[in-house]
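Please keep the sequence and the model in view while reading.

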Amino acid sequence: MNLIEISNLDVTFGSFANTVAAVRDVSFNVAAGEAFGIVGESGSGKSTVLRAICGLAPVTGGTIRIDGQPLKTPRDAGFYRRVQMVFQDPYASLHPRHTVDRVLAEPLAIHGFANAETRIEQALADVGLGHGFRFRYPHQLSGGQRQRVAIARALILEPKILLLDEPTSALDASIQAEVLNLLDRLRSERGLTYILVSHDLAVVAHMCERLLVMQHGRTVEELTRAELQGRRAQQPYTRALLVASQGYVGQTPTLEKA
Amino acid sequence: MISREWLLTDQPGSRRQARYGQAFRTWLSLRSNRLAMVGFWIIAALIGIAIFAPWIAPYDPVVGGDLRLDRLIGPSWDHLMGTDDQARDIFSRVVYGARLTLLVVALVAVIATPIGLAVGTTAGYFGGWVDVVLMRITDIFLAFPRLILALAFASALGPGIENAIIAIAITSWPPYARLARAETLTIRETDYINAIRLQGASSPRIIWGHVVPLCLSSVIVRVTLDMAGIILTAAGLGFLGLGAQPPQPEWGAMIAAGRRFIIDFWWVATMPGIAIFIVSLGFNLLGDGLRDALDPKGRK
C-alpha cells in the first residue's frame, strides 16, 4: 500500500505571459515506512515537489494522494499533523525572536495537545539536545543545533511523514553525519516515512531505499539503492551525476614521449 | 538573584530568565552607543521633570505674579528663564509643559503605532485585494497635507489638547503602515513563516505572533524619530488655536504667544523653543541608537 501517491504533478509559477513550469509531469509512489530520495541539480524542481505536497507551491496539474485521499487546498489541520517538513537552511527556518521553548510550544498550542511541558522536554531529548537549550534564542545556537531544533519542531506533532528539504546541505561535514544519523534513528524508532531532497548522491544513497532523479522539472529516472550503488544507471544524466559525486578526479598526466 | 551572570547565561532556566536576558543584551548594546545614551538621559530627564513638576517648578505655571512689576522680566536668578507677558515664570511653565509634551508623545505612540502596524502587516501578509484596498486607504491619508488633515479632525472634534492628539494620531499612522507592509513583504516568504504555516497556525496568529514582533523594532525606531515632528505638529495646532488652550503651558503655544514680541523680549519664545529642540534631539538620538540595538538581523 502506497502512503503517498503523486501522479503527473505539474507546478507552474506566475501568470499570463511569464510563467515558469517548475515541475512537469512528475509521478512517484512512496510506501509507508520508506525513505524516498529526490536528486537533481539546483533548479531541477526537486524542492518544489516537496513544497507542492505541503501546499507552499501551487499544484497546477496532476494529483497528490496521501493514504489514497486527494489533498484539500488549503490543507486542513489533520494534514499538518500527519505531514511535517524540515527546511534547508537552519539559519532561516527559526524565528529570530522566539526561544526554542516557544518554537516547540506553539504547534502544541495550535493543535491543543495536552501536557506540553513533558512533550517539549521529550522532543528536545529525542534530538539530542538537553534541557539547557530550551530557553535559548536561535542566535545562541550553532547550525547543527538549530537543525536539531527544526527536526524537533517537525516531530513534536508526531507526524507520519517527514519532508526533508536538503536538511544537511547548510551544515559542515561532521555535523551532516550527526544529523543524518539522527534522522535515521528517528525513522527506525517511529516508523516514519521520509521524502528526502538532496543534490548529494552520497546522502541519498545513505538514507534512501529508492530515489528519483530530476532535471529541468522532469523525471529523468527512478533507481533503487542497489542500482545506485552498483552504478547501473540507464540515463546519461544520472551517470554524469554519479561521476560528479566521486568528487574531482584529476586526469593522471601522461608523459608524452618527446 | 538578578545578577549580571544570571541575565547573560547561555542556558537560561526559564522563560522569564530568557526574556530578561534578551532585554538586558539589548540594553547593553544600547548603552555602548554614547550618543544614544545622551538621548536616553534626555528622555529620562523629561519623564522625571514631568513627574516631579510641582517640586521642581518654583512658581505657579498658570497664575502669574504682579502684572505691573513682573511682566517680561529677562532671565535672572529669580526667574531662570524670565517671565512672559502675563508675568508668569517661563521656567515653571516649561517644567509643567513637559507633562503636556509627554502626554502628546505617549498618546500618539499608543494610538498611531498599533493602527499602522495592524494595517501594514495585514496588507503585506495577505497581499492581493486586501493589500490593494488597505494601501489605497493609506494613500488617501498620505495624500492630505498632514497639518491640514489634523486641522480638519481637530475642528470636527473641537479644540483642546486631547482632540489635537487624536487628530495627530489619525494622521500619523500611514507612514507606519507603509513601513510595516514593506517589512512584512520580506518576512512573509521566509522559512520560519512557512514553518509555522505548516504547523497549521491561523493567519491572525502568524501576523500577531510572528510578523509583528519583527516589524515592531523598525516601527518603534520610526515613531521615535517622528516624535520631534509630532511635538511640532501639536505646537502648530496650538498656534492655530485648535491644540492646547490658554493658559495651558504647552511649548508650541508658548512660542506662538512669544512671537508678538520676539525682537524686544527674545526669551519668551526662545526658552520653550530650546526645550522643544532638546527633547526632539533626545528622541532622534535615542531612535538612532534603538535602530542599531533592536535590529534582529544585525545582532549575532
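## A helix across the sheet

In this predicted model, helix H1 of chain A, residues 46-53, lies across strands E1 (2-13), E2 and E4 of chain A. The helix runs at about 70° to E2(A).

## The sheet of chain A

Strands of a sheet pair through backbone hydrogen bonds, either parallel or antiparallel. In chain A, 4 strands form an open sheet, and their order is E2-E1-E4-E5. The pairing is antiparallel. Strand E2 (20-31) and strand E5 (69-70) of chain A each have a single partner strand, so they stand at the edges, and one side of each is left without a neighbour in the sheet.

Strand E4 of chain A, residues 61-66, is joined to E5(A) by 2 bridges, and these two strands run antiparallel. Arg65(A) stands opposite Pro70(A), a residue of E5(A).

## Two crossing helices in chain B

How do helices H8 and H10 of chain B cross? The axes of H8(B), residues 161-188, and H10(B), residues 203-239, come within 9 Å and cross at roughly 150°. Because angles over 145 degrees count as roughly antiparallel, H8(B) is roughly antiparallel to H10(B). The crossing of the two helices is right-handed.

Among the residues of H8(B) that make the contact are Ala164(B), Ile168(B), Tyr176(B) and Glu183(B). On H10(B), the contributors include Val211(B), Leu214(B), Arg222(B) and Asp226(B). By class, the contact of H8(B) with H10(B) has 15 nonpolar, 4 polar and 3 charged residues.

Definitions and conventions: Residues numbered from 1 in each chain as written. Chains lettered and ligands numbered in written order. Predicted model: local features only at pLDDT ≥ 70, side-chain atom pairs only at ≥ 80, totals over all residues. Pairing = 2+ DSSP bridges. Contact = placed C-beta atoms within 7 Å. Axes fitted to C-alpha atoms, helices over the stretch in contact; angles between N-to-C directions. Parallel < 35°, antiparallel > 145°, perpendicular 65-115°, else oblique. Left-handed = near helix turned anticlockwise from the far one by under 90°. Nonpolar A, V, L, I, M, F, W, Y, C, P; charged D, E, K, R; others polar.
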